[in-house]
Amino acid sequence: MKSITSSANPLYKELKQLATSAQARRKAGRTLLDGIHLTESYLQHGGKPELCVASETALSHAEAAAVIRQCQAAAVQCVVLPDGQYQALSQVEHGVGLLFVIETPKTAMPAALAQSAVLLDNLQDPGNLGSVLRSAAAAGIKQIYCSEGSASAWSPKVLRAGMGAHFILDIFEGVDLAALIKATQVPVFATSSYATQSIYQADLSAPLAWLFGHEGQGVAEDLLQLAGQQVVIPHRGQMESLNVAAAAAVCFFEQLRQTS
């Protein structure tokens, strides 16, 4: 296992750029999986990282050591860094000191929207996006379509919030949602506080697409008009609406309830 101790090492400098710059990640077509849960999940679902990076402390951590052995058995390059240098790459507090460098997955767009899916219009917060992905995966919804301007689905923050959901989803980014909706073969549902039909009254038993929007502005008006169905999530109290990730989870699991 190669040891890197100098901050001037070219590989370390490349890692630092990937860890700190979204532009560098886009240009390289790579991203980072930081932490034991993400690295284990990636291997579990058949992924093979380009590089495995461990801190010196991680070498004595049982779970991390097991992941490193799997990588070595698969002929993955593995490097070890002093703890201080590793921490400069990591955004995980009190982690075990293990990360993967992977090629950012790219999936070919299907010809038409023909199965249950999630459409995300300009969703900005990485935590919200990761939570939506996690709930969708848990509810058995496989396809995620993100508009231009949405948070990068494969950023380290979104990956951490997704907790491994990325590896069982088909995620499409930079999508023209209007064109997608116009060509859809399934109904499109959007939540709206002005809708008269409750989500619990709607028929969600067939494949459908859920449309969610920006945290503050909601779904763009032109897209809202294209959605065939608008539903409201009933709630009590004085709050005007739910957080988008919470609203999405309610929708997904009501659909799951109706189809189970």
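**Aromatic pairs, cysteines and the parallel sheet**

F212 has a relative accessibility of 3% and so counts as buried; the term stands for under 20% relative accessible area, with exposed meaning over 50% and partly exposed in between (1.4 Å probe, protein chains only). W210 is likewise buried, at a relative accessible area of 0%. The model is a predicted one, in which local features need pLDDT of at least 70 and side-chain atom pairs count only at pLDDT 80 or more, while totals for chains, interfaces and linings use all residues. Residues are numbered from 1 along each chain as its sequence is written, and side-chain values use heavy atoms, with hydrogens and water left out.

Aromatic rings make a handy starting point. Rings of Phe, Tyr and Trp (its six-membered ring) are taken to pair if their centres lie within 6.5 Å, and they count as stacked when the planes are under 30 degrees apart, edge-to-face when over 60, and tilted for the rest. Searching the whole structure gives seven aromatic pairs. W210 and F212 form a stacked pair, 6.4 Å centre to centre with 20° between the planes. Y42 and F167 also belong to one aromatic cluster together with F100 and W154.

Helices (H or I, at least four residues) and strands (E, at least two) are DSSP runs, numbered from the N terminus. Helix 3 covers residues 36-44, and its buried residues are I36, L38, T39, S41, Y42 and L43. Their cover includes strand 2 (30-34), helix 4 (62-73), strand 5 (98-103) and helix 7 (156-162). Just after helix 3, G46 adopts a positive phi of about 90°.

What of the cysteines? With a disulfide taken as a pair of cysteine sulfur atoms within 2.5 Å, the count is zero. The sulfur of C52 has its closest cysteine sulfur in C71, at 4.2 Å, which is too far for a bond. For C78 the closest is the sulfur of C52, 4.3 Å away and again too far. C52 is buried at 0% relative accessibility, as is C78 at 6%.

Turning to the sheet, two strands pair if DSSP finds at least two bridges between them. Six strands build an open sheet in the order 8-7-6-10-9-11, with parallel pairing. Strand 8 and strand 11 (229-231) are the edge strands, each pairing on one side only. Strand 7 (residues 143-147) runs parallel to strand 8 and is joined to strand 8 by four bridges, and I144 stands opposite I171 in strand 8. Helix 6 (residues 126-138) packs on the sheet, touching strand 6 (117-121), strand 7 and strand 8.

Strand 8 also holds F172, which is buried at 4% relative accessibility. Contact means heavy atoms within 4.5 Å; leaving aside neighbours within four places in sequence, F172 is in contact with residues including M109, P110, I144 and Y145. The C-alpha atoms of F172 and Y145 are 4.9 Å apart, although 27 residues separate the two along the chain.

Technical notes: Axes are lines fitted to C-alpha atoms, for helices over the stretch in contact, and angles run from 0 to 180 degrees between N-to-C directions.
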